[in-house]
Each structure stands twice: as structure tokens, then as C-alpha cells.
Amino acid sequence: MELRKDPITRSWVMTGDDPAESSPRPESACRFCPDSRDSTQVIAALPSASGWSARSMVHPTPLYHIEGEPGRRGDGIYDRMSSVGAHEVLVENPRHDRQLWHASDDEIGQFLRLAAERILDLKRDPRIKYVSLYKDYGPNAGQEFSHPTSQLTATLFVPRRVLYELRAGREYFQAKERCVFCDILAQEERQASRVIEARGDYVALGPYAPRVPYETWIIPRNHEASFERTGLSKPGLRTNLAALLRRTLQRIRTVTESYHLVLHTSPNSLHPSKTLGYWKTIDDDYHWHIEIMPVLAAKARSYTFKEVYYSPVSSETAVKQLREAKIDG
Ligand SMILES: [Zn+2]
Ligand SMILES: [Zn+2]
Ligand SMILES: [Zn+2]
């Protein structure tokens, strides 16, 4: 497998003929349960009275490898490089049946802390430009393991969607000297029609222009570009974020089982890139957040209708329904 860059959209694509795709291995005993004999190398773990509360492991079939040279090179007008980076599985909970929406706020808080520690650690590598944390859950979202897990990839490039956000955030800041995310949050809280719930300094809302029905963002009220800085410095806030994340996922699960979740945080500003010029104001113009994209099986075909997002439920209607959803508490 290798990375190739689309010269028009400038997105990197991982491509190649993967033998694993044609003969998927059946999942035997869970390799992420504490007593597994088939587990991969543990990278980091947070201790608890009974052993560990959350831990990170090498992905059993990693997309990115930490060893080797990126070998970034031209191919006529094209760019390519080998898939150097890191790919980890974050085990959210030692218990096989304890998904985020069933876990205690303390357990979710530990998972968030581990995520923050791992992101910070990977960013110490000057080659790494971005660290993505994501979770695919459910049969229609490409879920990989049944154990409660998220995944983390560290890449030598910034993913396209984040790059769009960084550029847009910088342009907005240049024009107004304000953070676009702070401005969105202020207007949403004033209008209140798309706010699902606020918990301490965190707000869950439906975006004004959703890409999919029931799309939900979780944004901190206090301006901060980097999730890992928040996650490590303010343990009190972590419990509020944990509760809001748990309750929001419970709400979404009243609509559909499958969803994608992704954390958008600032790129590696410990080692600024000379070619990408968004570093100077990044602490002012970027604002970390979580995006949740529910997958509604019946409507999946419409999403890319004519390559314009087509979302047949308005955010106002979706938010009303999610707000009123019966959840456990
Ligand atoms: Zn398990
Ligand atoms: Zn902001
Ligand atoms: Zn985002």
C-alpha cells in the first residue's frame, strides 16, 4: 500500500492491492480483552485498581508503520510516498460489553485522558504532521472490532477535511480577528434552535448545514486549539465532556446504531511545517471539536447525490428529536 496525492483536490489517498481485503480473517477470541493470549504490543496504559482502565496497542494490521523512510517523491506531475506513520487501537474499557454510552463518566474520562496523552506523545515525532482519533461503530460504519475501541493514526500529512478547516479558520481570523468556531457557538447559543445540550463548558449541537441527518458536533465553550492541552490540564472539564459524550451517543442511538466519530484537533505545532503556513495564528484561529456522523442505512445512497451533500432531515428537526430522546441519564 502507498499514499498517492490527487493533484487537483490535494487529498492523499491510500491505495494498492491489499491481499487482506480479498481474504478477511475471521475474528476469533477478542484480542483486546485483558486475558487475551493473542494481543498485540501495549504502547501505554492508565492504571486502575483492577489493572488498567484504558490502554493503547499497536493495530494488528496497521495502515501506517513507524519504521522506514517516507520516500516522498514525484511521479511526473504526481506525488507519492510510502505509508510511514503510526496506527494504534485505543481500548476504551477493559470490559468487552462496556461501550462509551454504557460506561461511567470516570471511565470515559480515563479514555479521553489516554487519547490526549497518546496524541501529545506522537506529536513529539517531528515527522508527524497530524494525529487523528476516530471511531467507526456499527455494521454500516465499517466497525472493525467488537471490543469498545477507537483508533488513532499519526500521518505525515494533514487530512483534507482538517486542512479545509485550518484554511477557513485562518481566513476568517484574518478578516475578523475572531475564531469562527467561537462565533458559531455564540450564535448557536443565542438562537438555541440547534443546541442539543450543554454540560459545563461543552456544547452539543446540530450544525447549520449538516452533511448527514443528525450530524452532531461537540465543542468546548472556552477557546482552545488543541484537545490534548485541554485533556491533560483540566481534569474537571474532562468529566463534563465525558458525560456529554455519553449522553449524546445515547441520543444518537435512538435514531441509528451506526456512526462515525472523529476528533478534530490542531496539527503538530510542536514541529511547524515550513511549507504549510497556518502556524502563526493557529492558537487563535483553530478550535478543537468532535464530529459525529450517524449512518442511516436507508438513506445512505442520498449522501453524495450529485456530489453535493444531501441531508433530508434539517438540523432543527434532528436537534428537537435528539433533545427529547429518552436516555438513561
Ligand atoms: Zn474484548
Ligand atoms: Zn474559538
Ligand atoms: Zn471539524
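Analyst: A residue counts as buried when its relative accessible area is under 20%. By that cut-off, 6 of the 8 residues of strand β4 (residues 51–58) are buried in this predicted model, so β4 is largely enclosed by the rest of the structure.

Strand β4 has pairing partners that can be described in turn. Strand β3 (residues 42–48) runs antiparallel to β4, and 6 bridges join the two. Together β3 and β4 make a hairpin, with 2 residues between them. Within this pairing, Ala44 is found opposite Ser56 of β4. Strand β7 (residues 85–91) also pairs with β4 in the antiparallel sense, here over 4 bridges. In that pairing, Glu88 of β7 is the residue opposite Val58. In general, the strands of a sheet pair through backbone hydrogen bonds, in a parallel or an antiparallel manner.

Elsewhere in the model, an open sheet is formed by 4 strands in the order β2-β1-β6-β5, with antiparallel pairing. Its edges are β2 (12–15) and β5 (73–75); each has a single partner strand, so one side of each is left without a neighbour in the sheet. On average, neighbouring strands of this sheet are turned by 35 degrees against each other, direction ignored. Strand β1 (residues 2–5) pairs with β2 over 4 bridges in the antiparallel sense, and Leu3 has Met14 in β2 as its bridge partner.

The largest nonpolar core has 52 residues, of which Ile218, Phe227, Leu241, Leu249, Ile290 and Ile292 touch the most other members. Helix α2 (residues 105–122) supplies the largest share of this core, 8 residues. Leaving aside residues up to four places away in sequence, Phe227 touches Leu112, Ala115, Ala116, Ile119, Leu241, Leu263, Thr265 and Trp288. Another core, of 11 residues, lies apart from the largest one and includes Leu163, Leu166, Val180 and Ala225.

Terms used:
Residues are numbered from 1 along each chain as its sequence is written. Chains are lettered from A and ligands numbered from 1 in the order in which they are written. This is a predicted model: local features need pLDDT of at least 70, side-chain atom pairs count only at pLDDT 80 or more; totals for chains, interfaces and linings use all residues. Side-chain values use heavy atoms; hydrogens and water are left out. A nonpolar core is a set of buried Ala, Val, Leu, Ile, Met, Phe, Trp, Tyr and Cys residues joined through side-chain atoms within 4.5 Å. Buried means under 20% relative accessible area, exposed over 50%, partly exposed in between (1.4 Å probe, protein chains only). Contact means heavy atoms within 4.5 Å. Two strands pair if DSSP finds at least two bridges between them. Axes are lines fitted to C-alpha atoms, for helices over the stretch in contact, and angles run from 0 to 180 degrees between N-to-C directions.
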